[in-house]
Amino acid sequence: MSHPLTILWAAPLAGAAVCAFLGARARYAALAFSALFAGLAGALVLTLLANPALSVVNELGPVWAYGISYRLSADSLSIGLIALTAFLNLICVAASWELDVPAAYWACFLALASALTGVFLARDLFLFYVFWEATLVPMFFIIGLWGSSNRLHAAVKFFLFTFAGSVFMLLALLALVSAHHRATGVWTWDLAALDASALGAAAPLVFWGLVLGFAVKIPMIPLHTWLPDAHTEAPAAGSVMLAGVMLKMGVYGLLRIALPLFPELSFSALPILGGLAAFSTIYGALCAMAQTDLKRMIAYSSIAHLGFCLLGVLSRTSQGLVGGTLQLVNHGLTTGALFLMVGFLYERTHKRGLSDFGDLASRAPYLAFFFGFSTLASIGLPGLNGFVGEFMALSGALSVLPILAFAGVLGVTLAAAYALPAFQAVFWAPAGPGSVSAQVADLNLRERAVLWTLTGLMLWIGLAPMPWLAFFEPALRGLVR
Amino acid sequence: MTPAQVPWAAWLLFASPVTAILLGFFVLRRKPEWTHLPILASCAIVTASAFALAARVYTGHSFDLNLFRFAEAGTWAIDFGLRVDGPGVAVLAMVAFVGSLIHLYAAGYMKGDPAFGRFFLIFHLFFLAMIGLLTANNFVQLYLFWELVGVCSYLLVGHYHQKESARKAALKAFMTNRVGDFGLLLALLLIVLQFKITHFHLLYLKVASGAAFELLPLIGLLLVWAACAKSAQFPLYFWLPDAMEGPTPTSALMHAATMVTAGVFLLVRAWPLLAVVPGLPDLIAWIGAFTALSAAIIAGTRKDLKRILAYSTVSHLGLMMLALGLGQVGVALFHLIVHGFFKAALFLCAGNIAHALHQPTANVDDVGGLQKSMRLTYLSFLLAACSLAGLFPFGGFFSKDAVLDAAWHRGGGLAAMGMLVAAGSAFYIFRMLFLAFYGCRPEQKRAPHAHEAEPILGVPVLFLALGAAAAGLLKGPIERFVTAGFRGLPSGLPGLEVVLNLPGEPLLPHLNMTVALLGTLMAALGAFAAWRLTMSDPGFDWRWRGGPVEALFDSDFGYKKLVDGFAAAVSRSAGFVGRVLDKGGVDGLVEGTTGFVRAAGGAIARSAQGRINDYLWWMLAGTAILVVRVLR
């Protein structure tokens, strides 16, 4: 295993290729390769835990023209997010097991996992950009081919939005690299070698170009409107990957590229970026309150949750950075679980409106339990995962710009105002005349196993977050102001 | 002290409820009708443990230690631990004892309910949450259990979720508490920012050091706000009367032991911080007095038996706040504990009446003359009512006298309001007693099949009533607990062996003859008025209804409308943001752009008909041009 990181991103890609050739039996290959990928990611996590001195794993391949190089590296931030990717990918395969889908479905998920892993590993900015764009393709097909009624519109909107964002990112990267070349005469895309001082007066422009690219992905208001459509139309597993990992790419980009390259600029942009993040927490909650479609509601709640991540990360305090990063994982687990359950409902009834159901607490008690549990985690109930991340992120924000934390706490308060009425409408209220609740069978063993895993992790992080915090902390230490 | 030296009883407080709940959830899934068995056993263990710990604290062995690090990042850290001290353990013993009796009652009351298993699991989790709250040693840990208490109450109030009123009440309870939690969460964050620690005792020491902390007034105000929501004080009291939509054992547990007392307890824990903020104690006292008086007045006009008791709880919590605001921590705790006994007994009596009538709830029209058919319930109610009214020598006399004494020493409006509350309490509870158990007025439906409850419903109530009657005896022990709690110091934390001279007077006042006589006189006056308006003029309660006066009382003097208006405004603004601003505005702009591109594409080349390919090519071309521009 002389190239552990290459194997890590290549394994799911190989899986995708195998799946594409297998036809009807592709799901077994998908499961096998997802398990292999999860195993590799798990092994990397264990390696890191067993040997804290080995906090960064590097791999350097060939250098091509214009200084573009094959440069991979993994610190605990990368490994943590890759482990999240691998875990959610496995969950998605397990959750889609009984779907009647062609081989390409499974191939797309594995290809997506591979591209995401590449994003988290790449330390050469060109390579980063290639992986970044590569994530779009499988997700575009997942939404566009296996989504619900309005899937094509959503897929195009998703693609155009994020692609437009990445164009600005690419321009910023090009400007950065060429400025470095002008200053030193050396072509390089190596993140560690580049520095922003060569940019001179153009630095703010480049910084905002990068931020724009990341902000679309997060998504930051007002660049968020692709998200409700994409989440709503995507198949359940697609929504899980989209919310669980793809949104995190934006925050990861900030942490990995924008903050280290522009430490001062990013901090002076705090009132604007942090203000938008804090505003997102309230705006997302208010929008979620107005939704009548379960998936749309959860999608808007994602906007609010990512606002907390951003608040923490942008505060550049230890607790904010670590809490914000933990919140990335938390959101992946909680929102992932919620999207999966809406997906289970949709598989059974082909409906997902709040008023299409009712009385599910007595018809599907397991579903009610898991949905209620995840809802509580998502609204930040202490003892479950969401609280730890939110509390630390807000604590960080409070120490740099108190008004942001005030707004964030208001966002926490409002979260209950959409989540609980929705829970009541679906699970408690009597089934209305047009209700399809009668078609809802309770969760089967496979579905329960998937959800036990997710809720178990929520409880673990909620009650004893220390291992998780300690895992991420070393990678973020350098960003503390 | 090390974790190994923590007494077994302290571990059992948590281990036995957790075990019972896990057993019920996983093992007894197939036999939900057995769910209560491990839970009742756990109640017995918890009660025994609580008393064992109380005995240790009584003999001077309180402790406070950190057990594990909850969260850490850089220099920022929060530890979780256990604090078993006087105030905590005094309330804990009451909660364990009263709560266990209510569990026993619930086993009988909920028998045959289709969701019996679920009910018992949440009920016990509720109990566990309160135990955790009382033994937390820092604010974050307290907040964890505080929220768990809130969630459990939400689920229990919404137990009969087929009923719309239950769903609404549950949501109202949770949302109102959430509004209060806004204060608590912000206060926690500010405490972390200002002090870098959340541990109670370390905070006490920091504040007592005399240094100036500029954020302390804001923190104090936010804590009071949070307590107003949880302990149902004005302006956030309105969820509690609706919360009686839950099954009666829930109401009893919520009102007596596990929910509403949490707010008062929070302020007791935070007292050393609050006391040094000028004006804040007075604010607490005035909030308490105002709430106590208004709620007592409204309680005197209600028809639904449980609703009368709910407003009564609001009123009595107000008295606790009054005592606390006057610096009398011990008095507040004393009244909290006595109140736990008589309120639990009264709620369970109301439950027995409803049970006898085969109704979920009963109002004054359904009852009357139950004295003969329900002797045991009548006796229990009478004992608890006398205690609530503050008649000598029942328990309530001593605790209420202590509150009145504190108010009397302050004088002025607070003393007058305290006395009026004494009269009002006696009025509403005796009105309830007379209407339910005596006579049978022509307006009331005679309840022909009313019968005494079976022993599992009767006996716990009698025990609680006897406790309520005799609770005056607790005065001495509670005084000792309170002084032990604040002066006997935690071990195990280095540098803490310093005696804290806390603000306020932890000792309970001696009986002041003037106040005692005046208070008794007021109570007698209230009881007499109740007799006059229900017994000597039996039709009165039905004559005055239907007019604008009733509307005034029904709407809590118009306040309910204000609250509903606020909720509607939030909901409307969410509708505006979600449907108009986001869908129409932001997204409309985006979708408009697509239309624009489409139109432009159509104009430039007929082939561009909004297909993805075309967009991609346009974008690639544009990007290429830009790339070239940047690189040159």
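**Exercise 1. How do the axes of H12(A) and helix H13 of chain A cross?**

Step 1. The axes of H12(A) and H13(A) (residues 294–315) come within 8 Å and cross at roughly 155°. Axes are lines fitted to C-alpha atoms, for helices over the stretch in contact, and angles run from 0 to 180 degrees between N-to-C directions. Helices (H or I, at least four residues) and strands (E, at least two) are DSSP runs, numbered from the N terminus.

Step 2. This angle makes H12(A) roughly antiparallel to H13(A). Angles under 35 degrees count as roughly parallel, over 145 as roughly antiparallel, 65 to 115 as roughly perpendicular and the rest as oblique.

Step 3. By class, the contact of H12(A) with H13(A) has 16 nonpolar, 6 polar and no charged residues. Ala, Val, Leu, Ile, Met, Phe, Trp, Tyr, Cys and Pro count as nonpolar, Asp, Glu, Lys and Arg as charged, and the others, Gly among them, as polar. Contact requires C-beta atoms, placed from the backbone, within 7 Å.

The model is predicted: local features need pLDDT of at least 70, side-chain atom pairs count only at pLDDT 80 or more, and totals for chains, interfaces and linings use all residues. Residues are numbered from 1 along each chain as its sequence is written, while chains are lettered from A and ligands numbered from 1 in the order in which they are written.

**Exercise 2. Which residues join H17(B) and H21(B)?**

Step 1. Take the geometry. The axes of H17(B) (residues 395–410) and H21(B) (residues 513–536) come within 9 Å and cross at roughly 115°. H17(B) is therefore roughly perpendicular to H21(B).

Step 2. List the residues. H17(B) uses Lys400(B), Asp401(B), Leu404(B), Asp405(B) and Trp408(B). H21(B) answers with Val515(B), Ala516(B) and Gly519(B).

Step 3. Sort them. The contact holds 4 nonpolar, 1 polar and 3 charged residues.

**Exercise 3. Which helix gives the most to the side of chain A that touches chain B?**

Step 1. Count both sides. In contact are 50 residues of chain A and 47 residues of chain B.

Step 2. Find the contributors. Helices of chain A that each supply at least two residues include H7 (151–184) and H14 (318–349).

Step 3. Pick the top one. H18(A) gives the most, with 12 residues.

Step 4. Classify. This side of chain A has 38 nonpolar, 11 polar and 1 charged residues.

**Exercise 4. How many helices and strands are in chain B?**

Step 1. Chain B has 25 helices and 2 strands.

Step 2. The C-alpha trace of chain B spans about 95 × 65 × 55 Å along its principal axes.

Conventions:
Contact = placed C-beta atoms within 7 Å.
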